[in-house]
Amino acid sequence: RRYLSIERSKQTAPVITALRDHGEEIREQVLEQARRRLAKGADQDEVLDYVTSALMKKLLHQPSVRLREAGEQSDKEFVHVVRELFGLDGEDKS
């Protein structure tokens, strides 16, 4: 059983790699934009605020779009999985 469990978990490795690569790509984009802002003399605190805000928006954009679609389609299972994935408390009330 242990062997089969390990083998099944290996199937998710490409998805995990793609997710990390996607996050790294976003991080590099935002970092480059932050460096440009700093080079132009922008305030460090403003740049830090920009970086954290931009990262959150870019990372959560597609999941948010998909969640809205799931809501429109009454896809409660998907909403439940997302709540579990992100460790959000409570159950969906819809």
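A: Gladly, and one caution comes before we start. This is a predicted model, in which local features need pLDDT of at least 70 and side-chain atom pairs count only at pLDDT 80 or more, while totals for chains, interfaces and linings use all residues. Residues are numbered from 1 along each chain as its sequence is written, and side-chain values use heavy atoms, with hydrogens and water left out.

Q: How many helices and strands does the chain have?

A: Helices (H or I, at least four residues) and strands (E, at least two) are DSSP runs, numbered from the N terminus. Here there are 4 helices and 0 strands, in the order α-α-α-α from the N terminus on. The chain is more spread out than a compact globule, because its radius of gyration is 18 Å, well over the 12 Å that the globule rule gives for 94 residues. That radius is taken over C-alpha atoms, and the rule is 2.2 Å times the number of residues to the power 0.38. Along the principal axes, the C-alpha atoms fill a box of roughly 55 × 40 × 20 Å.

Q: What share of the residues counts as buried?

A: Buried means under 20% relative accessible area, exposed over 50%, and partly exposed in between (1.4 Å probe, protein chains only). Of the 94 residues, 11% count as buried.

Q: How many salt bridges are there?

A: Side chains of opposite charge can pair when their charged atoms come close. The rule asks for a side-chain nitrogen of Lys or Arg within 4 Å of a carboxyl oxygen of Asp or Glu. By this rule there are 4 salt bridges.

Q: Where do Lys10 and Glu7 lie?

A: They sit 3 residues apart in helix α1 (residues 2-10), about one helical turn from each other. Lys10 is partly exposed at 47% relative accessibility, and Glu7 is partly exposed at 30%.

Q: Which residue forms a salt bridge with Glu24?

A: Arg27 does, with the closest N and O atoms 2.7 Å apart. Both residues belong to helix α2 (residues 13-39), with a spacing of 3 residues, about one turn. Glu24 is partly exposed at 33%, as is Arg27 at 38%.

Q: How many residues apart are Glu32 and Arg36?

A: In helix α2 they are 4 residues apart, again about one helical turn. Glu32 is partly exposed at 37%, and Arg36 is partly exposed at 45%.
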